[in-house]
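Have the viewer open and follow along.

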Amino acid sequence: MRTIKGPGLFLTQFLGDQPPFNTLEGLAEWAADLGYKALQIPCHNKAVFDLQRAAESQTYCDEVSGKLAGYGLVISELSTHLEGQLVAVHPSCDAAFDGFAPPEVRGNAQARQAWATDILKQAAAASARLGLTAHATFSGALAWPYFYPWPPHNAALLEEAFDTLAQRWRPILDCFDQHGVDLCYEIHPGEDLHDGVTFERFLEKVDNHPRCNMLYDPSHLLLQHIDYLTWIDIYHSRIKAFHVKDAEYRQNGRSGVYGGYQPWLERAGRFRSPGDGQVDFKTIFSKLAQYDYPGWAVLEWECCLKDGETGAREGSEFIRRHIIPVSAHAFDDFAAGNGVRK
């Protein structure tokens with residue numbers, strides 16, 4: 001068994017226009033002071049991390065790694081959550097997602113998809129140059145508007161949606177395979193890969209591709225009323241990234257899982273800082289240790305109540321407290337082969 005690495009911090013929610021949140025050095029110094037050991041770096045903010053340069057230049061990658069090392073940090077993964085979403089966008093969501101793309105491809109779904117695909121391939125190359133083994137992303141969605149069976153599900157329509165999703169991602173998965181990096185889809189409502197059944201359907205469509213893996217975030221499973229602990233038993237061989245994010249579901253008489261279009265504060269299901277919600281992280285860390293999870297425990301801070309900097313400070317200690325330093329031997333080894341009988 002391996003001891004889970006951590007704590008790591010996903011930077012997306014902390015990027016800003018003011019120091020220390022507007023440069024990689026500033027973010028690194030701030031995170032290191034909070035006790036973090038790794039950063040999960042998004043690829044959409046060029047001022048913090050230049051993905052194109054990283055894909056093309058080993059020198060640049062070495063400079064980035066060197067800057068982080070000066071603060072006792074490494075990169076856990078790169079993230080293309082926004083760009084991955086644009087690999088597959090249902091036409092009904094075109095306007096909503098256009099803002100994730102650069103101006104020159106907005107309003108042109110085909111150009112936007114091509115741009116997103118190129119970004120993912122750059123991320124594969126950059127990850128390899130940085131010595132990373134996993135990458136975090138979203139699948140995008142072509143079938144999501146039909147997630148609830150009314151009008152009644154059209155089997156042919158859903159089959160076409162997943163066929164197209166697989167066709168778009170297969171070349172990207174092959175690219176990640178060429179670079180020796182696992183592509184980890186965050187299982188997330190709003191994406192076609194939002195539960196175990198949809199992940200399995202996609203996995204079959206890409207011929208059980210060895211680089212098709214998942215980012216495990218229990219908060220999204222809890223809010224769907226999925227058994228997020230048994231999930232680890234089922235899918236542990238495909239879990240290659242891990243977001244430490246908490247959530248709570250407060251049953252009431254006015255709204256439910258779908259949220260009623262309410263702000264997060266008023267929803268029945270809402271995200272919380274680690275330790276403030278209902279997720280059983282003690283068992284999660286135990287199961288991941290049992291199954292020899294190879295990666296990082298990375299805080300993704302999203303909370304409708306708590307201040308972000310407070311959540312980041314508390315989250316570092318929370319993860320450190322939950323990581324289990326695994327044993328190198330069994331507790332009863334002392335009795336082995338000594339004729340001890342029970």
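Start with how the chain folds back on itself: of the contacts with a separation of 6 or more, 78% are between residues 24 or more positions apart. A contact here means heavy atoms within 4.5 Å. Keep in mind that this is a predicted model, where local features need pLDDT of at least 70 and side-chain atom pairs count only at pLDDT 80 or more, while totals for chains, interfaces and linings use all residues. Residues are numbered from 1 along each chain as its sequence is written, and side-chain values use heavy atoms, with hydrogens and water left out.

Now the overall build. You'll find 12 helices and 10 strands in the chain; these are DSSP runs numbered from the N terminus, with helices being H or I of at least four residues and strands E of at least two. The C-alpha trace spans about 70 × 50 × 40 Å along its principal axes.

What about inside and outside? Of the 342 residues, 51% are buried, where buried means under 20% relative accessible area, exposed over 50%, and partly exposed in between (1.4 Å probe, protein chains only). The chain exposes about 16000 Å², and carbon and sulfur atoms supply 51% of that; the areas come from the Shrake-Rupley method with a 1.4 Å probe, and for residues only the protein chains shown count as cover.

Two spots have cis peptide bonds. P19 and P20 are joined by one, with omega about 0°, and P20 sits in the loop between β1 (5–10) and α1 (24–33). The bond from W150 to P151 is cis too, with omega near 0°; look for P151 in the loop between β4 (134–137) and α7 (155–178).

Y261, in the loop between β8 (246–249) and β9 (269–272), has a phi of about 60°. Its relative accessible area is 84%, so Y261 counts as exposed. D292 has a phi of about 65° and belongs to the loop between α11 (281–290) and β10 (296–299). With a relative accessible area of 26%, D292 is partly exposed.
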